Amino acid sequence: MGFWGGITRRLGYLTRRSRFEQELNDEIQFHIDTLADELQQSGLSCAEAVSKARQEFGSRLRVREETRSAWQVRWLEDFFADLRYAARTLRRNRVFALTAICCLALGIGANTTMFSVAMEVLFSKPSCRDPQSLFQVRLGNGSFCPATQYRFLRDAGIFDGLGGMNIGEVVNWREGSETYRLAGTRVTDNFFAVTGVPVALGRPIMPRETNVAVLTFGFWSRRLAQDPNALGRKLVFDGKPYTVVGVLPRDHRNLAGFGFMPDLYLTLDSSEYLLFARLPQGTHRAEAQARLQATARELDRVFPNPDHKWAAGTAVSAVGGIERLAADGDMAAGGLVPIIAFFAMLLIVTGLVLLIACANVSSLLLARAFTRSRELAIRASLGGSRGRVTRQLLTESLLLAACGTSAGLLINLWLTTLLSRFRLPSPLPIELHIQPDWRLLGYSITIALVVTLATGLVPAVRGTRAGINAAFKEPERYFGNTRWTLRNLLVVAQLAVSIVLLSGGMLFLRNLLHATSLNTGFDTTRTIWATFRAVPESYTPEQFTALARTAVERVGALPGVEAASLARAVPLQSPFRPDGELRADTGDRAVHARYNFNAVGPDYFRVMQIPVLRGRAFADSDRSQSAAVVILNENMARLLFGDADPIGHTLLLPENRRVRVVGLVRNSKYFILGEENPLAVYLSYDQYHDGAPFAHMLVRARRTPDDILQSVNRTLGDLDPAVAAETRAMRDALQYALLPSQVGAAVLGTTALLGLALAAVGLYGVLLYAVTRRIREIGVRMALGATPANILAMIAGESVRLVAAGAAIGLAIALVAVRPLSMFLVPEVKPTDATNFVAVACVLSLIAALATLSPAIHGLRVDPADALRHE
Amino acid sequence: MESPLNREVLPGTLYLLILRTLRRGPLHGYAIARRIKDASRDGLNIEDGSLYPALNRMLVKGWLASEWGISANNRKARFYRLTAEGRRQLDKEAGEFDRLMRAVRLVMRNA
């Protein structure tokens, strides 16, 4: 009790310090006056009494000091005094302060922004009521559960509500005469009731409602212009009217996570769902898990399937935080690792940039510690203990770090606001809502403290080490060889790290260049890709096939169209890559492989400009009633038939499809740009039926695709109002394939250049400092007859030594460090390619030369007479 | 009258003396020093320079409370009084001091 009272009383003192001083003065005055009165009464004169009283009282100053110290919290007072002193010092050296704060701001800004993005993508809390009691249910080693099993599970009554959501779906939205494809998430009618997703306008979807939809804020803003009367409006999706009952808030986060943001949620049956369950009151998760397991075994009994067991891999996992990430990772084997690796790499990269920035600031502080050595020596001689002075120097770096962190946070806020405005449309629409929160604050404070220690500790210890003698000695001189002072070592380290960063950035840049110039194997300059999708309920598969055939005939007849073909898959945009067994009639054993599959019309190879090397392309005669035919690419033919001519041979495909090889085409790209030796099998479109209600059409323009873009789109739209058609030029569509490379190159390239710029600044600082210190020496040499060339050689020599050391170490580390990056790169770009490092070394040399320029000129301009007087 | 022996007060007993002096009622700083000097028949003389720091330390510890008032000679002065905590501290320290003195006397008599 007494302890806390003391704290509160001392805090009270802090707030009324000036009044305290005044009162203490009055009190002491009173004491002396009373004493003087008494002395007067015992016979002394007034003046004598006063002087004797003062004498008896003693030093008022000391009494005031000691009384004050009774109230002070010593270290706090010291800290504030240090802060004021540090602020004054920084104000006096504005250039230094600004440079240091800028360096730190850039490093911290980049680092904290990356942290914010990573936190948002990986660990964001989904928008729902009471996320602690909401869980995601998984069965049969998968996240998705078919509708029948969902209904079984729902009715089993284990949970207090089981809702389903399917995120990968698309709906057609008819507005006026245009039809658009939207990312519509299908939910069960009880989904909103179970999850409690908050709604900003209107209300959520209620159980047992049908034909209602809830829009996301983004869709409502972009497509409906924030119409205040949107609630109650009927929008036509997939040919049916849906009533809008609600609009979601701006910061809505989907339960699936990773920034996924659909256009709307609607009540529509889906073939499979992600499951979300609310646990009943008082039920533990373990209990629910056990009951789930039991129900899953029941499922296996009711729906027996030899290949797939529902009871294997059941899980009840949390909907947010680390657990969701782990659970997702378990289920989506291999899918999550690249994402986490990507973010880890970005964090490391920005961490390295921050380190370079810290090294800069540390170097600057070291330089100042040396120039202040006299001031520090005087302080030491006046009684300042080493610890005290060190604390003061550290407070300076703390102030720098605090300013740098604040500025860095401003950069962070600006960048994250910028990022939150973007919407990545594919493959699944992603929109990030990055909001600063306590996690960011905690991380920033930690960074600030780390930076303080990293930049300030060594200079502080160094600066207070030398005793008073060392400070007043003449500054040390050296002739000729570079001394490996701490600052020089810092610069070498900075250069080394810059090289590592540059190597990474260079790799991504080459990857990007390579990807853009990569030959896709098919024509992208004059090709148009159209997709049209009919409402499944309105068309039987036969009707749709007829519709598709009509479509391709009409488009093919348009002026400006050279050829048009239907296709089941589109290379690099919508590929289809199953694996299965293929048996050639020549071989005795079957080949099991993953191959790219497509079912195409007769003009496909002409549209795509893929050369037919042997045999023929498909013809109109290859219809459903005629003999089944197949066309292979070179790799597949070689795999199945070796060097023999495959034409005329028969092949057994999966699902017992026996086909005859009629053609051989050149290899091209199918699945991703970066694939090697892909296999491909083509069937005739008319001979392949899978009942999907959508089709792709590929069109070759006579001149440029822009000529016919509109007319193709209109033709398709005219087929049937409920059909949604999307048409775009292939070269535009391919931009999305390049997006990861572009993002990687942009981010890594920028951070690498940032790191290099910071290192260059460090190099410049060190060289300038070295020249300034050796001005006398330069003057002497010039007086003794050295030519400007000699001086230049001296200065440049130092620079070259530093850069060479940094480059050597950096390249050695880079050789090892860039190897893991190969998972993000196209196979043609190899991380350990020599040209990469040569390029990096050249860039470094160029920047180093620039950094040396100014100090060199400074050195050359030295006037020998002035220099000899210089201290 | 013999000149008063200006003996420094034993360190550690200063608090005890001040607490005891204030037992009967609030006093201002000068009066406290005066009272101690008189009560000890000039045996103890508190150096004025150490009085105020001590008083303030006791204020921080919560043994005393202070307020401004008017002194006997009509001047504004700060008066100190014992708090309940201070009374407890007085009893405690008085007890300790007695024990210490008894022990010292025993040693002086018997050793």
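Two strands pair if DSSP finds at least two bridges between them. Helices (H or I, at least four residues) and strands (E, at least two) are DSSP runs, numbered from the N terminus. This is a predicted model, in which local features need pLDDT of at least 70, side-chain atom pairs count only at pLDDT 80 or more, and totals for chains, interfaces and linings use all residues. Residues are numbered from 1 along each chain as its sequence is written, chains are lettered from A and ligands numbered from 1 in the order in which they are written, and side-chain values use heavy atoms, with hydrogens and water left out.

**Stop 1: a sheet in chain B**

Select strand 1 (27-28) and strand 2 (64-70) of chain B, the edge strands, each of which pairs on one side only. They belong to an open sheet of three strands with the order 1-3-2 and antiparallel pairing. Which residue of strand 3 is the bridge partner of Leu27(B)? It is Tyr80(B).

**Stop 2: the largest nonpolar core**

A nonpolar core is a set of buried Ala, Val, Leu, Ile, Met, Phe, Trp, Tyr and Cys residues joined through side-chain atoms within 4.5 Å. Buried means under 20% relative accessible area, exposed over 50%, and partly exposed in between (1.4 Å probe, protein chains only). The largest nonpolar core has 58 residues, and Val361(A) and Leu400(A) are among those with the most contacts inside it. Helix 17 (residues 486-517) of chain A gives the most to this core, with eleven residues. Apart from it lies another core, of 48 residues, including Tyr685(A) and Ile708(A).

Return to Val361(A). Not counting residues up to four places away in sequence, Val361(A) touches Ala100(A), Cys103(A), Leu104(A), Leu400(A) and Thr455(A); contact means heavy atoms within 4.5 Å.

**Stop 3: Ile101(A)**

Select Ile101(A), in helix 6 (residues 94-123) of chain A. Beyond four places in sequence, Ile101(A) touches Leu400(A), Cys403(A) and Gly404(A). Ile101(A) and Gly404(A) are 303 residues apart in sequence but 4.7 Å apart in space, C-alpha to C-alpha.

**Stop 4: Glu431(A)**

Glu431(A) lies in strand 14 (residues 430-431) of chain A. Is Glu431(A) buried or exposed? Its relative accessible area is 12%, so Glu431(A) is buried. Leaving aside neighbours within four places in sequence, its contacts include Arg222(A), Met261(A) and Phe422(A).

**Stop 5: Ile7(A)**

Finish in helix 1 (residues 2-15) of chain A, where Ile7(A) is found. Ile7(A) is partly exposed because its relative accessible area is 34%.
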